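This report covers a sheet, a set of charged pairs and a nonpolar core. The structure comes first.

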Amino acid sequence: MMDILLDVVRVKAKPGHILELEFENGEIRRFDLTPYLDRKPFNRLKDCSSFFGAHIEYGTVVWPGEIDIAPETLYDLSVPINGTEHLRTTHAENA
């Protein structure tokens, strides 16, 4: 569990309701939103166009319609992305 509150500084919504997150400490982590999609208000994000509206406000991820998720939840329940894997994914997306 996280001892200090870290802001999210970058988010990228990816297929499969995955968020790629960068925190202010430089860590890049992956969060799977799928388990939340049957609960309000996240059920409104099942539609991919809504999910891909993810952006940063006040250090956390928010979506249109006043949907947000706490940065400590994002950090605690996400998994680190191996730097090489992240670079490989980024290069493949830019190709």
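## Salt bridges and core

K14 forms a salt bridge with E20, and their closest N and O atoms are 3.6 Å apart. K14 and E20 are both buried. The model is a predicted one. Across the whole structure, a search finds 5 salt bridges, including those in the table.

| Pair | N to O distance |
|---|---|
| K14 and E20 | 3.6 Å |
| E20 and R10 | 3.3 Å |
| E22 and R10 | 3.3 Å |

E22 belongs to strand 2 and R10 to strand 1, so this pair ties together parts 12 residues apart in sequence. E20 is buried, with a relative accessible area of 3%. R10 has a relative accessible area of 26% and is partly exposed, and E22 is also partly exposed, at 24%. Through shared partners, salt bridges join R10, K14, E20 and E22 into one network.

Strands 1 and 2 run antiparallel and are joined by 6 bridges. Within this pairing, A13 stands opposite L19 of strand 2. The open sheet has 4 strands in the order 1-2-3-7, with antiparallel pairing. Its edges are strand 1 and strand 7 (79-80), each of which pairs on one side only.

The largest nonpolar core holds 21 residues, of which L19, L21, L33, V61, W63 and L74 touch the most other members. At least two residues of this core come from each of strand 1 (8-14), strand 2 (18-23), strand 5 (60-63), strand 6 (67-69) and helix 2 (71-76). Apart from neighbours within four places in sequence, L33 is in contact with H17, F42, L45, F51, W63 and I69.

How values were computed
Residues numbered from 1 in each chain as written. Predicted model: local features only at pLDDT ≥ 70, side-chain atom pairs only at ≥ 80, totals over all residues. Heavy atoms only, no water. Core = buried A, V, L, I, M, F, W, Y, C linked by side-chain atoms within 4.5 Å. Buried < 20%, exposed > 50% of the residue type's maximum accessible area, 1.4 Å probe, protein only. Contact = heavy atoms within 4.5 Å. Pairing = 2+ DSSP bridges. Salt bridge = Lys/Arg side-chain N within 4 Å of Asp/Glu carboxyl O.
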